[in-house]
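Trainee: I am new to this structure. Please take a close look at one part for me, the surroundings of the ligand.

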Amino acid sequence: MDCVFCKIVAKEIPANIIYQDNNVIAFPDINPLAPTHLLIIPRKHIPSLPHLAEADSSLIRDMVHIANQLAKRQGISASGYRLVINSGKQGGQGVSHLHMHLLGGRQLSSALG
Ligand code: 5GP
Ligand code: ZN
């Protein structure tokens, strides 16, 4: 499958994987928009939010928990951070493999769109 994040999961494309478990990996965004900009992704190829099944709810729960732990590790837990999932064309999704952005380390704009 021609999916850049599946290739990172398969180690066909290099990434500095800073967290991994059986279901999830995390690595820095190649084009960081903030001092901390990490991507938390499922190993499994889920294209976008509407493709989530009810059985994936524990996966999303785990991704949020992992993001919170990574924020703590990055020292931005107290100062604040943002978790973002873009989905679909108008949602601004560029890579069609579900991912959560963890952004922080600077004052983020309050604008959402
Ligand atoms: P989206 O716009 O789909 O929400 O976010 C996709 C993100 O993936 C972008 O912020 C982009 O910089 C990042 N990205 C795209 N290709 C790669 C890659 O090969 N390696 C890494 N580390 N990040 C990537
Ligand atoms: Zn994929």
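Mentor: Start with a term. A polar contact is a pair of N or O atoms within 3.5 Å. Keep in mind that the model is predicted.

Now use that cut-off. A backbone N or O atom of G94 lies 2.6 Å from an oxygen atom of ligand 1, so this pair is a polar contact. N86 uses its side chain: a polar atom there lies 2.8 Å from an oxygen atom of ligand 1. D29 also uses its side chain, with an N or O atom 2.5 Å from an oxygen atom of the ligand. On its own, ligand 1 has 520 Å² of accessible area, and the protein covers 80% of that.

Step back to the whole shell. It holds 16 residues, and the closest are D29, N86, G94, H99 and H101. The largest share is three residues, and α1 supplies it.

Now return to D29. It sits in the loop between β2 (24-28) and β3 (36-42). Its side chain has a partner within the protein as well: a polar atom there lies 2.8 Å from the backbone nitrogen of N31. Leaving out residues up to four places away in sequence, D29 touches H37, L38, L39 and H101. H101 is also among the residues closest to ligand 1.

One last point on charge. D29 is buried, yet it has no salt bridge. The nearest side chain of opposite charge belongs to R106, 12 Å away. A salt bridge needs the two groups within 4 Å.

Conventions: Residues numbered from 1 in each chain as written. Chains lettered and ligands numbered in written order. Predicted model: local features only at pLDDT ≥ 70, side-chain atom pairs only at ≥ 80, totals over all residues. Heavy atoms only, no water. Helix = DSSP H or I, 4+ residues; strand = E, 2+ residues; numbered from the N terminus. Buried < 20%, exposed > 50% of the residue type's maximum accessible area, 1.4 Å probe, protein only. Lys, Arg positive; Asp, Glu negative; His and termini not counted. Polar contact = N/O pair within 3.5 Å; in protein donor to acceptor, adjacent residues only side chain to side chain. Contact = heavy atoms within 4.5 Å. Near = heavy atom within 4 Å. Areas by Shrake-Rupley, 256 points an atom, 1.4 Å probe, with all protein chains shown as cover.
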